[in-house]
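Work through the exercises below on aromatic rings. Each task is followed by its solution.

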Amino acid sequence: MNQSLPQDVLDQIAAEERHFADAPRAFFEAWKRGAEIAGPEWFGDGTPEGLQRATSKWDLRPRVLLLNDALDVLSGGQRMFLSAMVSFYNAREGGAMLRRCGFEGLSDLGGLDLERRKVIADLVMNYSGW
C-alpha cells in the first residue's frame, strides 16, 4: 500500500529542512550581532579585529572566566544578555550565570531592549548545538 502524504505536510517538511539547513549560518550571524552589541572584549580573542575576522561561532566563543569575574559590575541588562548568550555555548555555565542575575524564566528576557531580544530570538530559532 503506497499512500503519499498530503501536500501541506510535504510543504512543512520541506520548509523545516530548508530552515535547518540554513540554521548554522543564521545562528552565527545572530551570534556575531550579539557579540557586536555586547562588545568584542567578551568573545573570541577579545579584540575588534578578532570579531571582524570571525568566520564561525568557534572564533567567537564567549570568554566565560572573564565574564564570570565581571558579572557583578555589569548593568542588569548586560548581565542578562551575556548570560543568555553564554547559555547557548555552555548550558551549565550559562545557567549558573543566569541564576546569579536573578533569572527565573523566559519572561525575564522582557527587560532586554528590542535589539537584544531579536538576537536571543534568532539564536533560539537557529540553534543546532555548539
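Predicted model: local features only at pLDDT ≥ 70, side-chain atom pairs only at ≥ 80, totals over all residues.

Residues are numbered from 1 along each chain as its sequence is written, and side-chain values use heavy atoms, without hydrogens and water.

**Exercise 1.** Classify the pair Phe27 and Phe88.

Solution. Rings of Phe, Tyr and Trp (its six-membered ring) pair if their centres lie within 6.5 Å; planes under 30 degrees apart are stacked, over 60 edge-to-face, the rest tilted. This rule gives nine aromatic pairs. For Phe27 and Phe88 the centres are 6.1 Å apart and the planes stand at 65°, so the pair is edge-to-face. Phe27 is in helix 1 (residues 7-38) and Phe88 in helix 4 (residues 76-89), 61 residues apart; helices are DSSP runs (H or I, at least four residues), numbered from the N terminus.

**Exercise 2.** Is Phe27 buried or exposed?

Solution. Buried means under 20% relative accessible area, exposed over 50%, partly exposed in between (1.4 Å probe, protein chains only). Phe27 has 2% relative accessibility, so Phe27 is buried. Phe88, at 13%, also counts as buried.

**Exercise 3.** Which charge lies over the face of Trp130?

Solution. The criterion is NZ of Lys or CZ of Arg within 6 Å of the ring centre and within 35 degrees of the ring normal. Lys57 lies over the face of Trp130, 5.3 Å from the ring centre. Trp130 is buried, at 19% relative accessibility.

Notes: Helix = DSSP H or I, 4+ residues; strand = E, 2+ residues; numbered from the N terminus.
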